[in-house]
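Please look through the sequence and the model below before reading on. The briefing that follows begins with a single question and then goes topic by topic.

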Amino acid sequence: MNRRDALTTVALAGAAMAATASVKADTAPTSALDRIKKSGVLRIAVIAGQDPYFHKDLATNQWSGACIDMANDIAAKLGAKVETLESTWGNQILDLQADKIDLAFAVNPTPERSLVIDFSTPILVHSFTVITKKGFAKPQTWAELNKPEVKIAVDIGSTHETIARHYCPKADILGFKTRDEAILAVSTGRADCNVSLAVLSVFTLKKNPTLGELAIPRPLLTLPTNLGIRAEADRRYKDFLSAWADYNRSLGQTREWLLKAYETVGLSAADIPSEVQF
């Protein structure tokens with residue numbers, strides 16, 4: 001090979017390497033933060049029947065609620081608008097993994113979930129409660145519900161189900177696709193009670209006062225709720241959301257968003273049991 005041929009070979013090899021690098025750069029996964037800023041869209045999961053987090057107006061298909069207010073605030077800071085995808089508590093984790101959404105609200109950071117998604121710092125700390133049907137004795141402890149004859153309704157894939165199965169393994173646990181269906185089971189007598197986060201239970205009973213009663217069994221169980229995101233090497237999006245969560249929780253703004261949603265059914269801060277944290 002003469003000098004000219006050698007130089008040509010080197011040049012071709014360099015061009016091939018550059019082209020390969022360009023293809024890799026074009027196909028490299030874009031970070032969530034870059035995608036949101038570029039598209040101007042923040043995609044979030046919304047869940048029906050989860051007031052005060054989410055409320056769907058069946059006449060207009062418009063969504064409102066505390067998490068919608070939070071999402072709009074986050075989007076505004078990123079120069080984006082909110083786009084919704086209807087999901088469930090369990091499916092929103094799959095939606096994150098499948099890159100259908102950029103953000104999942106009110107996700108409890110369980111060890112199992114931490115293997116497949118990432119989390120911001122907590123936006124709230126929740127207490128777990130029980131809604132009992134009329135005539136069913138209010139439980140003072142979780143042990144009182146841990147009996148084969150007790151029927152507990154829960155929404156499948158939620159932390160409500162996790163708590164019920166962990167603390168009441170002997171009970172007859174009835175799983176439903178949505179929390180609305182689980183609540184309906186209590187109202188129709190198919191189930192004796194429903195395990196729910198306090199922020200949801202208080203709202204449900206105010207909206208449906210004939211449904212039953214609120215119980216806060218001991219030991220008092222609390223769990224942080226966080227923002228869920230896809231796991232990625234770029235930490236900017238996670239760090240931004242954690243700073244946002246810490247700032248608004250410390251400032252009391254997160255509580256204000258929840259109280260605003262409570263006002264739609266006439267609830268105020270004075271109506272919240274002292275054991276309930278948020």
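Which backbone oxygen lies 2.9 Å from a polar atom of the side chain of Asn 108? That oxygen belongs to Pro 224. The model is a predicted one, in which local features need pLDDT of at least 70 and side-chain atom pairs count only at pLDDT 80 or more, while totals for chains, interfaces and linings use all residues. Residues are numbered from 1 along each chain as its sequence is written, and side-chain values use heavy atoms, with hydrogens and water left out.

**The chain as a whole**

- The chain holds 10 helices and 12 strands, where helices (H or I, at least four residues) and strands (E, at least two) are DSSP runs numbered from the N terminus.
- Of the 278 residues in the chain, 46% are buried; buried means under 20% relative accessible area, exposed means over 50%, and partly exposed means in between, with a 1.4 Å probe and protein chains only.
- Among contacts in the chain between residues at least 6 apart in sequence, 70% join residues at least 24 apart, a contact being heavy atoms within 4.5 Å.

- Asn 108 is found in the loop between strand 5 (104-107) and helix 5 (111-114), and it counts as buried because its relative accessibility is 3%.
- The side chain of Asn 108 also makes a polar contact, at 2.5 Å, with the side chain of Thr 159; a polar contact is a pair of N or O atoms within 3.5 Å, where within protein one must be able to donate a hydrogen and the other to accept it, and residues adjacent in sequence count only if both atoms are side-chain atoms.
- When residues up to four places away in sequence are not counted, Asn 108 touches Arg 113, Phe 119, Thr 159, Leu 223, Pro 224 and Thr 225.
- Pro 224 lies in strand 12 and is partly exposed, with a relative accessible area of 26%.
- Although Pro 224 and Ile 123 are 101 residues apart in sequence, they are 7.5 Å apart in space, C-alpha to C-alpha.
- The residues that Pro 224 touches, not counting those up to four places away in sequence, include Val 107, Pro 122 and Leu 124.

- Helix 9 (residues 236-251) has 16 residues and reaches 22 Å from its first C-alpha to its last, close to the 22 Å expected at 1.5 Å a residue, the expected span being 1.5 Å times one less than the number of residues.
- Tyr 237, Leu 241, Ser 242, Trp 244, Ala 245 and Asn 248 are the buried residues of helix 9; seen down the helix axis they fall within an arc of 160°, so they line one face of the helix, the arc being that of the directions from the helix axis to the C-beta atoms.
- Tyr 247, Ser 250 and Leu 251 are exposed on the other side of helix 9.
- What covers the buried residues of helix 9 includes helix 2 (32-39), strand 1 (41-46), helix 3 (66-77), strand 12 (222-230) and helix 10 (253-262).
- Helix 9 is followed by Gly 252, whose phi is positive, near 90°.
- Helix 3 has 12 residues and reaches 17 Å from its first C-alpha to its last, close to the 16 Å expected, and just after helix 3, Gly 79 takes a positive phi of about 65°.

- A search of the whole structure finds 1 cavity of 30 Å³ or more; on a 1 Å grid over the protein atoms alone, a cavity is a set of points where a 1.4 Å probe fits but cannot get out, a pocket is an open set with protein on both sides within 12 Å along at least five of seven lines, and lining residues have an atom within 4 Å of a point.
- About 110 Å³ of space lies in the largest cavity, where grid points are joined across faces, edges and corners and a volume is the space filled by probe spheres set on the points.
- The largest cavity is lined by 14 residues, and Trp 89, Ala 106, Asn 108, Thr 159 and Leu 197 lie nearest its centre.
- The largest pocket has a volume of about 340 Å³ and is lined by 15 residues, of which Gly 49, Gln 50, Asp 51, Asp 180 and Lys 207 lie nearest its centre.
- Helix 7 gives the largest share of the lining of the largest pocket, 4 residues.
- Gln 50 lies in the loop between strand 1 and strand 2, and at 1% relative accessibility Gln 50 counts as buried.
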